[in-house]
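Hello,

Here is the structure I promised to pass on. My notes follow below it.

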There are 4 protein chains.
Amino acid sequence: MPDTAVASSAPPRRARGAADKAARRQAILVAAGDLFDEAGGELPSVDQVARRAGLAKGTVYLYFGAKEEMFLALLTAELRDWFESFSAMLNDDANTTNDARPLANAMVADLGGRRKMLRLAVQCHGTLERQVAEEAVLGFKQVTASGLAELGGLVENRISGVVRGEGPTLLLQVYALIVGLWQLAEPARSARAMVDRPEFSNLRPDFEHALTGGLVAILQGALDS
Amino acid sequence: MPDTAVASSAPPRRARGAADKAARRQAILVAAGDLFDEAGGELPSVDQVARRAGLAKGTVYLYFGAKEEMFLALLTAELRDWFESFSAMLNDDANTTNDARPLANAMVADLGGRRKMLRLAVQCHGTLERQVAEEAVLGFKQVTASGLAELGGLVENRISGVVRGEGPTLLLQVYALIVGLWQLAEPARSARAMVDRPEFSNLRPDFEHALTGGLVAILQGALDS
Amino acid sequence: MPDTAVASSAPPRRARGAADKAARRQAILVAAGDLFDEAGGELPSVDQVARRAGLAKGTVYLYFGAKEEMFLALLTAELRDWFESFSAMLNDDANTTNDARPLANAMVADLGGRRKMLRLAVQCHGTLERQVAEEAVLGFKQVTASGLAELGGLVENRISGVVRGEGPTLLLQVYALIVGLWQLAEPARSARAMVDRPEFSNLRPDFEHALTGGLVAILQGALDS
Amino acid sequence: MPDTAVASSAPPRRARGAADKAARRQAILVAAGDLFDEAGGELPSVDQVARRAGLAKGTVYLYFGAKEEMFLALLTAELRDWFESFSAMLNDDANTTNDARPLANAMVADLGGRRKMLRLAVQCHGTLERQVAEEAVLGFKQVTASGLAELGGLVENRISGVVRGEGPTLLLQVYALIVGLWQLAEPARSARAMVDRPEFSNLRPDFEHALTGGLVAILQGALDS
DNA sequence: AATGAATGAGCATTCATTCAT
DNA sequence: CATGAATGAATGCTCATTCAT
């Protein structure tokens, strides 16, 4: 697979083949993601992204119809990855006993390395989706939907007590809890100092603590029913 | 004293007394909230708000230091109201049996009329807090923190099984689930049509269904422990 | 003269007599001047001035038709004072020998305590006059003109060599040199650090040195002719 | 190569080469300068400048980081030009006899066509410098400083009596006198009518008369020492 | 006379997107 | 394919001034 090997090197001056184009598209996404993360979850400008990717602003628009699509694609990729990871966890017998705690713990641990996904989720569900053309949301929705369906089925199979057809709902609950807690747990820079004051300590939830508790409750609720 | 009686009507041309000023401030908030809601959760411009309130742009800045403060104040009020409502539910014996369902149902029903609060929550936690001066977040945080503390105590008292000190955490889980699910359940205009397609049906969660399930799980988890 | 004695105390709640009004007007001017100086030569807002004077914004407009008038009046007063001081110098025989240096030195020393006047002069001649109603400039021009005429006559009498009728011209030259040099010598905050670099040393003139030299030249020129 | 020949005409729709870009930058400066002059020394809005140059507002910001930079660049150019002209005068033997009058006359005549420079100088030294980022002042300061150094040396060489090292000081005196007198001589529109009244005749100095006298004095002072 | 609430004109700046080259 | 110059919509905020009280 020479293509794969080359894909990771610098993209060529002109991306002609499909592989080249995919590589360039990927390079843009990487640049966008890095900048997004470095900015603490703030969307970088298209120009910044292009420069970071070593390209011109206009080039970005050859690969993405709009700025928001870029980040939607980014979240799509992050979600896909998370889905896989989650899938693996569900397939691990150690996580699917009658005790929800192992799975919850595994999930929380796994999310520890997914700050970018969490930040993107906050942006996308809160703001981004509003500003994108209908078609642009399509890819995102497709991946999400199919992932949800697949994972939902897995959930129904592996977690006893989950009623047939309720798998996706349970996943949505889980995802909502994760993203919702993350929003509360990662306040903006300006609020950072404030919530560190003792009188506001209960406003800055310990993300992991609260999340673990919530996940256990939701998962255990399914197991018990 | 007809004046006192009509205090809730339109404030006088010039708000001199504290009551008049409060009324005017309130009128601005109402205008802002209505426009926000009408725009489907998009922040209106200050000028729009002023015009809707029958005032000039500059006048708004006599009552709010910045645009974002306005909406933070709005959410503060909405939250305060919700806290009260929630408090009443918790104090209702019918909601604090060993079955979490009555409380969950009550909460979901109550939230049905709080679309504005939910939309504001999405905006504030996702975007607004990032853009406001530290002092401006203070009032918001104070109300939230004290409400959380108070409600948290109530939760610990009224819901058996909630460990002392874990009340606020449970509330955060609940709040996160609510806001998180709302984000997923209220796609932007552009995505509205899309998720109505059958193949995406599982992406447009039935907010009430998923929320009820999640709340029951979290609350029941506490009751059972 | 009880009035004079009272005039310097806090102005009464309501200024009724002419003396009271003058005192209040004076208080406003003092507040304006102090704030102007504290701000490094930046015009304070009317609100700031009013508050500093312990008055409401609107009250300022009972005494001055426009913000700029205030500062024009301020400069008028400063100039009047300087004129007097200058007059005294001219009347001092020690300053009116055939050597211009004593007078130049005296002037420079005197200007050392007139930073406010210099800053005002820069503002007024450069910007303020443009923005004031015609009538408002009247008082300023009157004082300036009469002072110039009077001082000009004195100059013609006391400085040998000054042709009859050229006294005011000489004064204008002197005044222009002073204000012009001051502008160059007091760069804005942002440029302060820069001109302190060695490579720009010649851009930050030693105000006193350059001014003394210039004054001596102009005055001596008259003496010699 | 017709293109090269018409380089000074309107730049192409899109300025790609460095020359085109310089031409466009120049076109913006010309537009800004003309508007500034037409407005009697008032800064036009960026939008006005852009429209006059046949461009969109945003385009201006491709060539200047901020509005003030534009006018600083304008003064820089004007000063550079004046420096050259001044330099030529100094190199002219007819201007460097023991009589300062020829040089003074030449300078005054030369300044007659530099109204734009004088108005800009008033704005820049009085207001503009205060509002610009430090880096933006750099270019201006550099040109000024180097011009001052160069001209200062020339002055020392060509005007007998100027002590080594005092050339720049003398130039500053000259520049200050010029700008200072201009400020006094060009009252704002509103004051124009007023100073034409006979009683204020001495306030509206004959710029050329007073300037000539002052320059002669300063220059002669050097020659005589 | 004094107040201070209300007004609203005025403007620089950013940045996603387009399209000529 | 790539570029990057050009576009221009969009808007929060200040503050001098007015005038109802």
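This is a predicted model: local features need pLDDT of at least 70, side-chain atom pairs count only at pLDDT 80 or more; totals for chains, interfaces and linings use all residues.

By class, the surface near DNA strand F has 15 nonpolar, eight polar and 18 charged residues. Ala, Val, Leu, Ile, Met, Phe, Trp, Tyr, Cys and Pro count as nonpolar, Asp, Glu, Lys and Arg as charged, and the others, Gly among them, as polar.

Residues are numbered from 1 along each chain as its sequence is written, while chains are lettered from A and ligands numbered from 1 in the order in which they are written.

In chain A, helix 9 (residues 167-185) has 19 residues. Helices are DSSP runs (H or I, at least four residues), numbered from the N terminus. All 19 of the 19 residues of helix 9 are buried, so this helix is largely enclosed by the rest of the structure. Buried means 20 or more other C-beta atoms within 10 Å of the residue's own, exposed 12 or fewer, and partly exposed in between, with C-beta atoms placed from the backbone.

Arg114(B) is in the loop between helix 6 (101-111) and helix 7 (115-126) of chain B. Arg114(B) is partly exposed, with 18 other C-beta atoms within 10 Å. Leu79(B) is 35 residues from Arg114(B) in sequence and 9.7 Å from it in space, C-alpha to C-alpha.

Regards

Key
Helices (H or I, at least four residues) and strands (E, at least two) are DSSP runs, numbered from the N terminus. The expected span of a helix is 1.5 Å times one less than its number of residues.
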